[in-house]
Number of protein chains: 2
Amino acid sequence: MDGNQMPAAAALTARYGAGAEPKAGPWNDTLALLLSHRSVRGLGPDPVPDGTLEALVAAAQSAATSSNLQTWSVIAVDKPEVRAELATIAGNQKHIEICPIFLVFLADVSRNGRLADEAGVELAGLPYLESFLVAAIDAALAAQNAVVAAESLGLSTVYIGALRNDVGRVAELLGLPPGAAPVFGLCIGHARPGREGEVKPRLPQSAVLHRETYDADDSAIRAAYDPRMEAFSRRQEMAADNWTQRVIARLGTMTALRGRDKLKAAIIALGFPLR
Amino acid sequence: MDGNQMPAAAALTARYGAGAEPKAGPWNDTLALLLSHRSVRGLGPDPVPDGTLEALVAAAQSAATSSNLQTWSVIAVDKPEVRAELATIAGNQKHIEICPIFLVFLADVSRNGRLADEAGVELAGLPYLESFLVAAIDAALAAQNAVVAAESLGLSTVYIGALRNDVGRVAELLGLPPGAAPVFGLCIGHARPGREGEVKPRLPQSAVLHRETYDADDSAIRAAYDPRMEAFSRRQEMAADNWTQRVIARLGTMTALRGRDKLKAAIIALGFPLR
């Protein structure tokens with residue numbers, strides 16, 4: 001872990017913006033590590049130490065998994081030609097080709113299915129939305145542990161949700177059996193100098209954390225967040241959009257979905273009936 | 001963080017079983033913390049330090065979120081009568097009533113919806129399975145950061161997937177707006193003395209980690225894992241079932257789904273059309 005950890009006050013200000021910090025509480029190096037997360041697309045090609053992949057997967061497997069079903073898998077993809085096609089599917093994200101470790105996380109009930117086949121049993125529960133959801137959540141919990149582990153080792157990461165632009169083709173490239181579907185990718189490597197980025201401000205806790213019941217009265221909270229995201233965007237030399245504009249740009253049009261309106265059909269075709 | 005961390009070899013043996021460890025790699029206190037995870041149902045009622053909830057939510061909000069859409073929320077439930085009904089829904093899991101912090105994580109696109117309503121824009125992307133999946137994954141990444149943060153503070157946790165037995169009733173109890181759905185609960189607190197449990201062995205890495213393409217030839221790997229899970233079960237004084245038996249018990253019958261065959265209809269009713 002980075003030995004040069006931020007104190008609580010500075011870390012909370014970086015995460016929420018000055019004046020928008022939640023109440024300070026307990027603090028330690030792990031909290032400092034977690035709060036310092038940035039998704040880094042500016043990854044260099046430098047290799048990681050031997051055994052790093054195995055350490056990250058050990059961390060991933062240590063996350064909770066629903067009823068110990070372990071309904072996820074991960075594929076480490078190294079072949080340049082496969083990386084190149086995955087990068088294209090993801091909308092030309094070059095870091096997929098450059099980073100030393102590229103992982104594709106799978107919602108995977110196929111292993112449970114093989115086990116049942118051998119035992120001559122049918123798994124009545126498998127065809128339901130519940131099983132796909134359990135598998136996707138299992139994959140996400142595992143991946144997040146891998147991310148925390150990677151960052152503790154001084155590495156940087158970025159999730160690649162855009163593999164869902166064409167999960168059918170991703171499944172074909174990776175030779176997935178029925179009952180396994182890609183849910184996202186993950187690039188891991190060293191941030192290029194000067195490309196570590198800045199901690200991105202999030203919504204104030206009052207927008208996300210509710211007490212007893214849901215409080216939908218968040219108009220003023222969102223209005224106060226918009227200029228913080230706009231200032232962040234300007235500092236990071238991206239378009240100076242505020243949060244409202246970004247959400248609308250991302251979800252407002254069918255074009256922005258980049259084919260993910262067909263995700264349901266593709267997931268069903270991969271062996272999750274989603275009943 | 002617990003200052004008394006296991007060395008790599010011991011932690012890998014605890015997680016995989018003697019003789020089934022992956023190649024050793026880099027190691028640090030964070031990896032030791034992650035590998036030491038146990039889900040603990042034997043939680044006591046002792047309160048946590050002031051500010052703990054806020055620290056855990058700050059960690060949760062620091063996890064990656066797809067396109068910074070922040071499509072998740074969390075509700076901290078304290079009211080005993082609500083805790084009691086949630087415990088009943090979850091199949092009488094008493095720890096939900098006892099633990100000092102009980103959280104319900106939500107897949108939540110309602111905030112993005114309110115933002116668009118105010119701007120007079122329709123979010124064409126919202127009705128798709130993709131949006132529900134993004135929101136569920138966002139919630140899972142956030143929750144896992146909260147779990148890591150809690151464990152770093154010496155607390156124990158257990159996820160409560162069984163809230164999905166009746167998400168409609170949970171949503172009613174928590175006053176959720178359309179576009180917000182419970183995906184799981186999380187108990188956080190102090191393990192009762194002697195109830196910390198033992199690290200649960202997972203499948204060998206070779207079953208979960210694939211190289212370049214998926215390798216479905218895992219029959220021998222599963223066969224070797226079965227006795228390790230059986231021995232674990234016996235030591236923990238649960239039924240001495242192996243993994244094969246447990247998977248079949250959990251997924252083999254409609255009864256074991258405990259109403260989650262109706263999850264799809266319930267999620268749609270909560271405002272996720274899953275197109």
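Strand β4 (residues 180-189) of chain B contains B:Leu186. The model is predicted: local features need pLDDT of at least 70, side-chain atom pairs count only at pLDDT 80 or more, and totals for chains, interfaces and linings use all residues. Residues are numbered from 1 along each chain as its sequence is written, chains are lettered from A and ligands numbered from 1 in the order in which they are written, and side-chain values use heavy atoms, with hydrogens and water left out. Helices (H or I, at least four residues) and strands (E, at least two) are DSSP runs, numbered from the N terminus.

B:Leu186 counts as buried because its relative accessibility is 0%. Buried means under 20% relative accessible area, exposed means over 50%, and partly exposed lies in between (1.4 Å probe, protein chains only). B:Leu186 touches several residues beyond four places away in sequence, among them B:Phe102, B:Phe105, B:Val147 and B:Tyr159. Contact here means heavy atoms within 4.5 Å. From B:Leu186 to B:Met238 the separation is 52 residues in sequence and 22 Å in space, C-alpha to C-alpha.

Helix packing was examined next in chain B. Two packed helices are described by the angle between their axes and the distance between the axes. Helix α3 (residues 52-61) and helix α7 (residues 129-152) of chain B pack at about 135 degrees, with axes 7 Å apart. This angle makes α3(B) oblique to α7(B). Axes are lines fitted to C-alpha atoms, for helices over the stretch in contact, and angles run from 0 to 180 degrees between N-to-C directions. Angles under 35 degrees count as roughly parallel, over 145 as roughly antiparallel, 65 to 115 as roughly perpendicular and the rest as oblique. On the α3(B) side, B:Leu56, B:Ala59 and B:Ala60 take part, and they meet B:Ala142, B:Asn145, B:Ala146, B:Ala149 and B:Ala150 of α7(B). The residues of this contact divide into seven nonpolar, one polar and no charged. Ala, Val, Leu, Ile, Met, Phe, Trp, Tyr, Cys and Pro count as nonpolar, Asp, Glu, Lys and Arg as charged, and the others, Gly among them, as polar.

Helix α4 was examined in both chains. In chain B, α4 (residues 80-89) has the buried residues B:Val82, B:Arg83, B:Leu86, B:Ala87 and B:Ile89. Their arc around the axis is only 160 degrees, which puts them on the same side of α4(B). The arc is that of the directions from the helix axis to the C-beta atoms. B:Pro80 and B:Glu81 are exposed on the other side of α4(B). The buried residues of α4(B) pack against α5 (95-98), β2 (101-108) and α8 (167-173) of chain B. Just after α4(B), B:Gly91 has a positive phi of about 80 degrees.

In chain A, the buried residues of α4 (residues 80-89) are A:Val82, A:Arg83, A:Leu86, A:Ala87 and A:Ile89. They fall within an arc of 160 degrees seen down the axis, so they line one face of α4(A). The face turned away carries exposed A:Pro80, A:Glu81 and A:Thr88.

Loop residues complete the account. A:Asn68 lies in the loop between α3 (52-62) and β1 (72-76) of chain A. A:Asn68 counts as buried, at 4% relative accessibility. Residues of chain B that A:Asn68 touches include B:Lys200, B:Tyr225 and B:Trp243. B:Asn68 is not a glycine, yet has a positive phi of about 55 degrees.
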